[in-house]
Amino acid sequence: MTPTPSAHPSARSIADDIRTGRRTAVEVCAASLAAIASNDPRLTAFVTVTGERALETAARIDADRARGAGLDRPLLGVPMAVKDNLCTAGVRTTAASRVLADYVPPYSATVITRLQEAGAVVIGKTNLDEFSMGSSTEHSALGATRNPWDEARTPGGSSGGSAAAVAAGMVPAALGSDTGGSIRQPAAFCGLVGLKPTYGRVSRYGLIAFASSLDQVGPMTRTAADAALVLEAIAGHDPHDATSSHEPVPSLRAALGRGVVGLRIGVPRTLLQDGVDQGILNGFDAALARWTAAGAQLVDITLPHTAHAVPVYYLIATAEASSNLSRYDGVRYGARASLTREQGLRDAYMLTRAQGFGDEVKRRIMLGTYVLSHGYYEAYYLKAQQVRTLLRRDYDDAFGLCDVVAMPTTPSPAYRLGEKTDSPLQMYLEDIFTVSANLTGLPALSAPAGLTSDGLPVGVQLMGRMFDEATLLAAAQVLED
Amino acid sequence: MPTYEPVIGLEIHAQLCTRTKIFCGCATDFGADPNTHICPVCLGMPGALPVLNSQAVDLALRAALALGCDVQPRSVFARKNYFYPDLPKGYQISQYAEPLALGGGIDVEVDGSSAFVRLTRIHMEEDAGKSLHEGFADSDRKTYLDFNRAGTPLIEIVSEPDMRSAAQAATFFERLCQVLVWIGVNDGNMDEGSLRCDANVSVRPVGQSTLGTKAEVKNVNSFRYLQKAIEYEIGRQIDLIEHGGRVVQETRLFDAAQGKTYSMRSKEEAHDYRYFPDPDLPTLVVAAGRLAEARAALPELPDARRARLMTQYGLPAYDADLLTQSRELADYFEATASASGLPKAASNWVMGEVLRTMKERAVPITAVPTTPTALAGLLRLVDAGTISSTVAKDVFATMYESGRSADEIVESQGLAQVSDTSALEPHVAAVLAAHPDVVEEIRAGKDRKFQFLVGQVMKASRGKADPKVVTDLLTRAIG
Ligand SMILES: [Zn+2]
């Protein structure tokens, strides 16, 4: 096993091989399952592996191919892992929580259905921080996931399982979800391309909500081309999600290879003065140098309200989460605490939730409940929404000067497991570069930008205009050449 | 001892007559087997999202326009957070800070004096499921849940505290219900809970401008019970104050059997609902065009129609009132009136025989098989003197049963009045001959005996004689 991207075939080449008959979908699927069997006991990327179902699906794809059917499917036979907060009909979906440990959804998330329609073979469900609350995949009821680059380190989170599965070559592509950086930060820690689409670009129907106004599903892949392939498959309006956009989805694959000639890249230098690792800065500067060498120009910008982004994010995200997680009451589904004869309804709620949720989730529910409570709503939630508007204005101003905004994805590379679990606040502050994209709704991508002197991946982040994922993908691809 | 003035405001929850629920595609049918109209959305399954039912918005708009409200171009769905087993998501989606409509109101007339009761607002929301605490073998230990109702679209109509008597409040509720049913927004089935009323009641010494502490009487679902509950509550509060007590702000329930309200929970221990805009639902934008369409589609409302029936057909207020109890009844009347050209007769017949038959058979006007055209045919026969009103009632009954026309029935049963004097003269002669004593009495001035003779002739003709002709013949014969 090696995390080096070139060692593993891309999703696009797999689909091409199956289409042209060089390999069968069953062969590819079996190889993927074998890689999981040999690597996952160490990495714990997967919560559930659906090997049998996957092989059946692969066999159907091969049978279709034999009849000449379904060959135009862009992800033909591509094995994919999906984060375990995406509902899969008939397959346990836990959100890495005890409260959903045995929960089997009756329906599939729209993104799952779309992946399947595009020919992908869903091979398993990946680990995450419980309900996506965390950035290390350590807050999982099913145990921590390890980083394939250094197994003593975190793969990041909350989509750490998807990141580890792709980085270790168990699958060429995975879906994650991103509420404050949960796709981009693990992509950065694991040397992958991770894309948080524009809010509304991808349906949230069937995504177990953390913070509804911030959540987006997106691809985690080894190449920009694969990210484009996957995003094209899942993007577009969904009548089941009232917040999904009617904005047409352009051909993202066509945008690849467009290069960055003339692209104006905004760099908010003032944000990089303190608290960013030298290894990260080196990788970032190297990426900027490659872009300028390829014809882009750098523009200095300021984003004055970024300093408030993390507190604003934790006010809004926890407020929405406190309400979103109210449904886990043990009444209709999920784990329910057993009661003595003397205990009543109130005990049923308290015990079910006390036993069902982990500490980080409880911490955020309490924070969010406080933020929304009578007498504090105006001071916290409403104020946070106002700052959110100001933040959006910062970016509107910036996009008058540049076409994309570049900054490191994270202030430091992957840290050791357990290193930050005792200090939630320190872990929250790591989100400084990622949360703005969620608060503004703008698309953002993390691309690999070399390694630190310790051999750990560095991620560079690009944020673009609303619905302009194409430019981000094209720019990310330039770094791959 | 001061005299007290009650102050009453109402909050009415009305189910919208949509085919499907407000945020999912499940049917809204009443009375289905428990938990058969449910889906991931209305059960609050993980990952499920609400999508607003456009028909629900149209109906809510119609209600707002009919009640004279200002529809807000932008309104916002919020989450009202609280835990209860029949509340699937742990929050109810409702409009809070920015409701669909503000203002409006209706005229309420009690004992001949009319007052305008203002509305505060109308907002849209979803209903909860139903907790079944009784009726199962293990109901002492368990509560069962039925989520069929969860997600049924509602509008909540909130009045200003403008009402000053229980009767006025009950009339307001009744008028409101009439309008909602009239415009096809609500089905009016109170027994099925499709209209529910909460009353905020307080009392204060006459002349005092500040409001007293209010109690909220929850979930009253009949006009009569509402009046009783408020009357009881007014009495209770006055009694309390008179005896040195203090009204506490609380929620009370009405026990119809005992005619009393009792305390459910006090507001002190009330929830903090932590309202905030629901991030799953975009702002509801009502474009000017949509509003104009809704306004254009609004039928003539009960008050306007009542007034028009009086001016256009010359009906007395009593008739107009009765005929506008439902839109369908008013339609029936107008169709009969225009087909017959006899509005007052049409009114009398609809209010009389038609309503009586409907009540007797417990059917709505829409199920009456006799069409307005058919009824008009009958009215014309009476008007032309072909049959008497008495015979007409029997003919109507036959029409209702058989579906045959009045002409046909009168013809086949030979019911036409006999006004031919030559046919009646033998009967008159026979009656006079049989009752010489009566004739004498009449001649001596006892006029009231005259009707007896008319009756005898009618009887001899088996009811077919035209009473006017009989009267003429008798008068002439007696001299
Ligand atoms: Zn439903």
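Ala81(A) stands opposite Gly124(A) in strand β3 of chain A. Everything described here comes from a predicted model. Ala81(A) has another bridge partner too, Ala174(A) in strand β4 of chain A. Start with the strand that holds Ala81(A).

That strand is β2 of chain A, residues 79-83. Is β2(A) mostly covered or mostly open? Mostly covered: five of its five residues are buried. Look at one face, and you find Pro79(A), Ala81(A) and Lys83(A). Look at the other, and you find Met80(A) and Val82(A). The residues on both sides are all buried.

Now look at the strands beside β2(A). Five bridges join β2(A) to β3(A), residues 121-126. These two strands run parallel. To get from β2(A) to β3(A), the chain passes through helix α4 of chain A, residues 110-117. This makes a β-α-β crossover, and the crossover is right-handed. Three bridges join β2(A) to β4(A), residues 173-178. Here, too, the strands run parallel.

Move on to another strand of chain A. Strand β9(A) covers residues 404-408. It is mostly covered, with five of its five residues buried. Which strands pair with β9(A)? One of them is β7(A), residues 264-267, which is joined to β9(A) by two bridges and runs parallel with it. In this pairing, Gly266(A) stands opposite Val405(A). Another is β11(A), residues 457-464, joined to β9(A) by five bridges. β9(A) and β11(A) run antiparallel. Met407(A) has Gln461(A) as its bridge partner in β11(A).

Follow the chain just past β11(A). Phe467(A) lies in the loop between β11 and α16 (469-478) of chain A. Phe467(A) is not a glycine, yet its phi is positive, about 65 degrees. Why does Phe467(A) count as buried? Burial takes 20 or more C-beta neighbours within 10 Å. Phe467(A) counts as buried because it has 20 C-beta neighbours inside 10 Å.

Find Thr44(A) in the loop between α2 (25-43) and β1 (46-49) of chain A. Thr44(A) has 21 C-beta neighbours inside 10 Å, so it counts as buried.

The peptide bond from Gly157(A) to Ser158(A) is cis, with omega near 10 degrees. Ser158(A) lies in the loop between β3 and α5 (160-167) of chain A.

Step back and take in the whole of chain A. It has 16 helices and eleven strands. How compact is chain A? Its radius of gyration is 21 Å. The globule rule gives 23 Å for 481 residues. The two values are close, so chain A is as compact as a globular protein of that length. Along the principal axes, its C-alpha atoms fill a box of roughly 70 × 55 × 45 Å. Of the 481 residues, 60% are buried. Now take the contacts in chain A with a separation of 6 or more. Residues 24 or more positions apart account for 77% of them.

Chain A also touches chain B. How many residues does each chain bring to the contact? Chain A brings 35 residues, and chain B brings 25 residues. Three helices of chain A each supply at least two residues of its side: α10 (309-324), α11 (345-356) and α12 (359-372). The largest share comes from α10(A), with three residues. By class, the side of chain A that touches chain B has 19 nonpolar, ten polar and six charged residues.

Finish in chain B, with its helix α2, residues 166-182. Why does the length of α2(B) agree with expectation? At 1.5 Å a residue, its 17 residues should span 24 Å, and its end C-alpha atoms are 24 Å apart. Just after the helix comes Gly184(B). Gly184(B) takes a positive phi of about 75 degrees.

How values were computed. Residues are numbered from 1 along each chain as its sequence is written. Chains are lettered from A and ligands numbered from 1 in the order in which they are written. This is a predicted model: local features need pLDDT of at least 70, side-chain atom pairs count only at pLDDT 80 or more; totals for chains, interfaces and linings use all residues. A residue is buried if 20 or more other C-beta atoms lie within 10 Å of its own, exposed if 12 or fewer, and partly exposed in between; C-beta atoms are placed from the backbone. Helices (H or I, at least four residues) and strands (E, at least two) are DSSP runs, numbered from the N terminus. Two strands pair if DSSP finds at least two bridges between them. A crossover is right-handed if, with the strands pointing away from the viewer, the path from the first strand over the helix to the second runs clockwise. Two residues are in contact if their C-beta atoms, placed from the backbone, lie within 7 Å. Ala, Val, Leu, Ile, Met, Phe, Trp, Tyr, Cys and Pro count as nonpolar, Asp, Glu, Lys and Arg as charged, and the others, Gly among them, as polar. The expected span of a helix is 1.5 Å times one less than its number of residues. The radius of gyration is taken over C-alpha atoms; the globule rule is 2.2 Å times the number of residues to the power 0.38.
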